[in-house]
Amino acid sequence: MAQAPVGAPERPVGEAPAPPTPPVLPDEANPFTCDADEAPETLDARRLTRAEYLNALRALVTHGLGAADAAAVLRQVDAEGRLPPEVTGGYSTADGNFSVLHARETFAIADGVASAIGAPAAYGRFVSAFLALGPATCPAPSPAALSDACEDAFIRNLTLRAWGRPIEAGAAAGNDELAAFRREFALAPTSREGVEAVVVKTLLAPAFLFHLETDLRPVSGATHALSSHAIARRLAYTFTQAPPDEALLGLAASGDLQRDADFQRALALVQPRMGAVVTQFSREWLHLDGLPTFIEQNHPRSLRVRAGVTLDDGLRAAMRDEVLELWRWVNDSGGTLADVFTTDVSFARHPGLMHVYGQQAPAPATVTAQTAVRFPAGQRSGLLTRAAMLSSGTHTENPILRAIHLRRDVLCLPTPQPGNLPPNSLAAPLPDATMTTRERYHAKTSVQPCQGCHQLINPLGFALSRYDALGRYQTTELAFDATWNVVGQLPVSSTAELSGPLGLERTVADGLELSAVVAQTSALRSCITRNLSAYLHGLQALPPASGASCERRRMYQSLADGAPLRSLFESAVLDARFRHRTLRSSP
Amino acid sequence: MTYDRLSRRMFLRGTAGAWLSIPLLESLVPAEARAQGTPVRRFISIITPYDMGHHAAWLPNTNSPITNLAPPAQVLTPGNGHHAIRYQPLRDFVPTSTSPLSLVAGAHFNPWLSSMTIMRSLNHSVRYGHGAAWVLGGIQADAPERGALATIETADVVLNKHRGFNPAGLPHIFCGNAGYGPDTYSYVSSGGPAGYASCLGEDLTALYNRLFSNGALPEGGSTTSLHPRHDVLSRVQEDYRRVRNSRFTSAADKRTLDNALDQFRDAQASLTRVTTSSCAHRTLGRSGQVWQAASQAAVGQALADLVAAAIMCDAARVFTIGAPMLGGTLNGQVDQHEEVSHVPFSTFGGRPSWQLTAERKTAIARTFVAPLLQRLASATDPSNGRSYLYNSLVYFTAESGIAHGYGSHPVMLFGNAGGSLGSGHYIDYANRAAGTFAGGDGFSEVVGSPTFGNNWWGASYNRLLVTVLQAMGLQPQDYENHALNAQLYNRTDLGPNNRNLSSLGGFGYAMPRDLSGENTSSWGFNHYLRPGLEGQDLRQFRNPLPMPPA
């Protein structure tokens, strides 16, 4: 049973929550407005997410040691296992908290990485790799005994790749970082120990652990322009969850990313890797890491439903990854949001998932329109009909949970929480040889105090009745008696009226028709806009469904215009405000 | 400070005194170094009363089944007919260093999450209590239901008497008073072996004198050393201060950087380690009574000091701290046991009784358990160069999970028993296919709250004791007694899992109640005993608990 939030007043047992106002879909017109005087974001310091930190660490060590040895070093220090998880319940970007666990673990990782780099087999390679980046003042480096010029070159090159910006030098900036780093070499008895200390400091620096834009130029009032490096860094982390690569760093050094032409060139450099943000966002938005584990595997109904499929974490991961690849494929192939909800292309390669889909051949390693494996006509289409959105983890499909996921998470429609209900209110309905799963759930929820809310919920799940507990397509389902013996088969109905849940005078025949309807709703456009905005800016809660926001207006309009999916993500950065920061000196 | 890498390497082989006792960084120690030295193991059980009524207060953040948690739990499939087990890293439940892990733990154990294990759904097969004896596998001395059953030694006693575990025959240290001390052990009352009959009671001076031979035990020195990059971390903090005070930082940036600075400072503090190659005890405080430990931090810390010093001096290897640590009444007004613990939904001073009992446990966690863990984690055991906490097993628990019921005994473990056990997880031994039960005490049924009882059929509690004994190096032949559970052999009325058993093995009673006189059609048998037995899979009784990889 779901627990009430701490401190929430409890309703007496058995008393139903007040049914919500019947949902009204947002007006077809763009609900967001743009005020020309809207200030740029504050961009206050925020800790890198786990994914960003690990990517940045991997990129830096790879630069010095190559991919294979870098992977070995990160395994040795257990970088992935050490980092605390992000707080659940919101987007990973919203957890900017830096706890003592972060301090301890990032120190342990930096310590371990520095020690690995200082090992004889790695030290010379690592130092030489960074010194090879120039400048000419360190023409013949000897890693064993670095000259002052080579120490400087090493510091500058290392920190530029780690932080995405040049290290500050000289007292004029008020933060002579170079002098502080030179000191490590002065204190260390050997160059090797100096390099290790510099690596530790680089990996623990605010510029590495945090999104912290301090390379700014005042424009007017509190508005400051980001440097080219700051823009490049922001672009890279926004779209690739990683620091800028060499090409982008080169463009930041040679161009002026405040100028539209150079900015577009920079955008073009990160576009090929934009799939990272598409998949990470969809993964978090749809809670794909929270797919239910498979329980009750030996339940008599489970044994019939699974029918040879091994239910394990590998299958769960395959379900998740198939949806992530769906999003990435639509983005990379220039598709639209509607394609996400309607494409019949399968990405299943895992034997268990292929079994669920009744698919004979695995999806090719590289899916194209020509090579794609497609579902049989009329059986399955886009996102809503994939196993990841359907699997219940138990012996029976749960139309209520399917509907709530669609209604609350995908469409951002108000979804009432059940109150302090009598025992077993939320348990699955008992077996009945004469009723389908849909009918059993309908019977259970069509009584008071349940009916008021469930009329707004159930039809969305009932439309997906052609998919069983694992997401397999079905036109009939097994009928079980009270002790879970199979006693026959019952035809499945997936017809559903959408007037209750969506306010549309429309009947859909199945999940495919439901998907087509959902893909065109302004509720979906608004919901994805609000969620993407929350993800990109690390908001603790979804922004309002309407109101002033130039960014959200562009995002929504991109979807309303049927533009390619990548335009949705690009529309977050196209405004000049993306290249500025509002610096508030007081809370 | 400079650092000679060779000297660290030498220390890792156990040949020199240096730092490196930090559990946090132990995975960085080369595997070949970790294997050096045979660990000296210790077992410390801290058994408290007064938590009957709400085992969930011990569980991480929630009373929901672990499968409802997000991110989802991982699944361990032991095979051999054992049901699947769900587990999840404890860190998942503690997003910040100040986040409470559970109602009982608060945030007091957060520094040692990687060394900690919380278990759920370890069930007894009969309603039980009071006292420490039940918890360690025995029968209460005056329990009327024990009938004709033999009295047995508890796990702590078996351990202390085992000469592989305790070759020098060091004394078994009891702390406790009436009702929660050794007087609850049947074999003591019935004339157990010498050395166990006298209870140390509650006086810290008496405890000191027993441990350290009235102060005559020789002392050795201790040294303090720093992590080799301790000074680099100081300069990292300077970097944060400089950025914080630079020109283009907002007020929010400054707050973020100030916070990071604080966290690095705290992290750095934990990098200072005391390396103990011998013991120090003469300056320890020893005034106070054990029962004051929960309410007076100084007494709690003194008790922790005494136990930790005894371990470092190798004055004892088994500690059974079964004292109430609280007075028998709440604020001197009501009987804490009968009028608070037994009525968890009543209120006292306007607050639910179950919250008050949990808070009493939190006080013990704060004033005694956490200081003890701190001392054990921050000192190096010269036997193998690992921390004393790593080499030990600290078991923090209560006498029952829910008002004498058999469901979900609270289990918090700390340490790794010298590497025998993994740690860092919340493990739910619930057997999801078998479902839930009310608690077996006739209590939660009355309350009718599904979130309050929420007991799942899971694994036999006694398997925890098997796990402990094996982790400490004992073999089944050291503790198994075929005759002990003979009353359960060759029966057909104890559930489908337990038909026609010819032996059980394992440790202790599977049913610590004499069934010979039971009318198997009686209400009591069917209400209390049969469900408790049917819910167990006694075929697994001899096996240690499956645990996730470290």
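In chain A, the cover over the buried residues of helix 12 includes helix 10 (228-240) and helix 11 (246-254). This is a predicted model, in which local features need pLDDT of at least 70 and side-chain atom pairs count only at pLDDT 80 or more, while totals for chains, interfaces and linings use all residues. Residues are numbered from 1 along each chain as its sequence is written, and chains are lettered from A and ligands numbered from 1 in the order in which they are written.

A few terms are needed before going on. Helices (H or I, at least four residues) and strands (E, at least two) are DSSP runs, numbered from the N terminus. A residue is buried if 20 or more other C-beta atoms lie within 10 Å of its own, exposed if 12 or fewer, and partly exposed in between, with C-beta atoms placed from the backbone. Two residues are in contact if their C-beta atoms, placed in that way, lie within 7 Å.

**Chain A: helices**

The secondary structure of chain A comes to 26 helices and 13 strands, and of its 587 residues 49% count as buried. Among the contacts in chain A with a separation of 6 or more, 69% are between residues 24 or more positions apart.

Helix 12 of chain A (residues 260-270) has as its buried residues Phe263(A), Ala266(A), Leu269(A) and Val270(A). Seen down the axis of helix 12 of chain A, these buried residues fall within an arc of 115 degrees, so they line one face of the helix; the arc is that of the directions from the helix axis to the C-beta atoms. On the face turned away from the buried side, helix 12 of chain A carries the exposed residues Asp260(A), Ala261(A), Gln264(A) and Ala268(A). An α-helix has 3.6 residues a turn, so residues three or four places apart point the same way.

Helix 20 and helix 21 (residues 451-462) of chain A have axes that come within 10 Å and cross at roughly 170 degrees. Axes are lines fitted to C-alpha atoms, for helices over the stretch in contact, and angles run from 0 to 180 degrees between N-to-C directions. Helix 20 and helix 21 of chain A are therefore roughly antiparallel to each other, a label used for angles over 145 degrees, whereas those under 35 count as roughly parallel, 65 to 115 as roughly perpendicular and the rest as oblique. Arg438(A), Tyr441(A), His442(A) and Thr445(A) of helix 20 of chain A make the contact with Gln451(A), His454(A), Asn458(A) and Phe462(A) of helix 21 of chain A.

**Chain A: strands**

Strands pair if DSSP finds at least two bridges between them. In chain A, three strands form an open sheet in the order 4-5-13 with antiparallel pairing. Strand 4 (216-220) and strand 13 (580-582) of chain A stand at the edges, each with a single partner strand, so one side of each is left without a neighbour in the sheet. Neighbouring strands of this sheet are turned by 35 degrees against each other on average, direction ignored. Elsewhere in chain A, strand 8 (residues 476-480) and strand 9 (residues 486-491) pair in the antiparallel sense over five bridges, and Glu477(A) has Leu490(A) as its bridge partner in strand 9. Strand 8 and strand 9 of chain A form a hairpin with five residues between them, and Trp484(A) in the turn has a positive phi of about 65 degrees.

**Chain B: a sheet of nine strands**

In chain B, an open sheet of nine strands has the order 2-3-18-4-17-16-1-9-6, with mixed pairing. Helix 11 (residues 353-377) of chain B packs on the sheet, touching strand 1 (42-48), strand 16 (392-398) and strand 17 (411-414) of chain B, and its direction makes about 180 degrees with that of strand 16 of chain B. Strand 4 (residues 116-120) and strand 18 (residues 425-428) of chain B run parallel and are joined by four bridges. Val411(B), which lies in strand 17 of chain B, is buried, with 25 other C-beta atoms within 10 Å.

**Loop residues with positive phi**

Neither residue in the table is a glycine.

| Residue | Phi | Place |

Cys412(A) counts as partly exposed, with 19 C-beta neighbours inside 10 Å, whereas Ser121(B) is buried, with 29 other C-beta atoms within 10 Å.
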